[in-house]
Amino acid sequence: MHDGGHQYNHYRRQDHETPSLDLKNLNVISVLGRGAKGVVFLVQTEKGELLALKAILRSSTQKNRRICFEREVLDALHYPLLPKLHGVLLTENIVGYAIDYCPGLDLHSLRIKQTEKTFSDDIIRFYAAELVLALEYLHGLGIVYRDLKPENVMIQENGHLMLVDFDLSTKLSSKSPEIRSSIKSMPKIEPRKKKKFAHFFKCCDSGILPEDSVNPVELGGDSMTHESDSVEKSNSFVGTEEYVAPEIILGIGHDFSVDWWCLGVMLYEMLYGTTPFKGIDRKETFYLILSTVPNLTGEVTPLRDLIGKLLEKEPQKRISVRGIKGHEFFKAVNWDLILEMPKTPFIPGRKDDEDLKGNKIIDVESYVQGVFTGGRG
């Protein structure tokens with residue numbers, strides 16, 4: 001097995017000026033989805049490039065600095081399994097940014113389409129390995145993702161994964177020798193140049209610099225504590241119910257290891273077709289996360305062993321990236337070459353010309369205003 005120790009040298013962040021976008025020059029094809037903060041549209045540029053445009057009410061950016069932080073994160077990414085920022089826009093009513101469009105399903109939808117609503121070990125191995133690489137890259141930037149779930153994992157045109165939606169991410173300062181070692185071979189988030197993206201950030205109360213490692217969120221402010229052998233920790237309560245790590249529920253502070261817990265939940269779901277701690281309501285789900293062990297039925301296999309190590313309730317004992325990449329489940333994986341694999345488990349079909357025409361003209365500003373002011377459900 002190759003550990004891929006130098007693979008990130010190929011993906012250094014390149015200094016560039018991200019272009020401004022003008023709605024008048026975009027062909028708005030369809031609505032891809034909506035989240036708590038914005039609506040995502042499929043758009044086509046004048047050059048014929050398909051992009052996913054996330055549009056947010058301008059007034060929201062003045063109340064939630066995390067929106068600006070998410071844009072900062074996107075600008076720092078330069079990795080095949082993570083989205084590239086292709087442009088930003090600012091109108092009187094909305095702000096937005098365009099990233100790569102993935103024509104495939106998300107990993108949840110792809111699993112549901114399987115006959116048994118589960119994946120084989122080989123398919124799980126491929127997707128899991130790519131998720132490990134994506135998270136390792138983010139952690140090297142000091143970014144803890146905090147919302148890993150199948151719905152946030154898209155399938156690119158080439159069949160490789162893309163991790164999207166950094167709304168709940170934050171930045172932690174590493175004190176861990178293991179993570180510091182990884183950081184040396186990875187790109188850094190550079191401080192924002194004063195003039196760069198001024199048109200975007202002037203709509204925020206105060207632009208978020210990448211060094212602002214923790215930001216206020218909906219359920220209260222983050223605070224930081226220090227541990228000599230680990231990293232600074234966040235105390236914010238964030239995540240998706242069935243994937244939340246025990247330390248987040250307990251409010252004892254969390255770090256990068258919460259992402260490995262979420263990976264364990266995802267691998268369990270891909271193997272069994274359901275999450276391991278799902279209760280009848282939020283209270284029971286949290287109780288099960290804190291008090292029960294995952295039911296790893298079936299013969300003992302390397303995959304089940306890895307899931308058990310990822311779903312270790314004590315973060316200090318949870319398997320780390322080094323242990324994950326060296327685990328028996330991944331013994332046949334060449335970490336340096338997996339991103340170059342031409343044959344992937346699923347290749348999405350391309351959109352034809354009829355699909356790109358769209359069914360109706362969509363007014364992006366009116367649509368977003370309607371969604372977030374009660375006009376649309």
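Predicted model: local features only at pLDDT ≥ 70, side-chain atom pairs only at ≥ 80, totals over all residues.
## Strand S3 and its cover

## Who pairs with S3

S3 has a strand partner in S2, residues 38-44: the two pair in the antiparallel sense, with 7 bridges between them. One of the bridge contacts to pick out on screen is Gly-38, whose partner in S3 is Ile-56. S2 and S3 form a hairpin with 5 residues between the strands, and there Gly-48 takes a positive phi near 90°.

S3 is also joined to strand S5, residues 94-100. That pairing is antiparallel too, and it runs over 7 bridges. For a landmark, find Leu-51, which stands opposite Asp-100 in S5.

## The largest pocket

Now for the open space. The largest pocket has a volume of about 1000 Å³, and 41 residues line it. Head for its centre and the residues that lie nearest are Val-40, Glu-151, Asn-152, Val-164 and Asp-165. The strands S2, S3 and S5 turn up again here, as each gives two or more residues to the lining.

What is the lining of the largest pocket made of, in nonpolar, polar and charged residues? It divides into 20 nonpolar, 14 charged and 7 polar residues.

Conventions:
Residues numbered from 1 in each chain as written. Heavy atoms only, no water. Pairing = 2+ DSSP bridges. Helix = DSSP H or I, 4+ residues; strand = E, 2+ residues; numbered from the N terminus. 1 Å grid on protein atoms, 1.4 Å probe; cavity = no way out; pocket = protein on both sides within 12 Å on 5 of 7 lines; lining within 4 Å. Points joined across faces, edges and corners; volume = space filled by probe spheres on them. Nonpolar A, V, L, I, M, F, W, Y, C, P; charged D, E, K, R; others polar.
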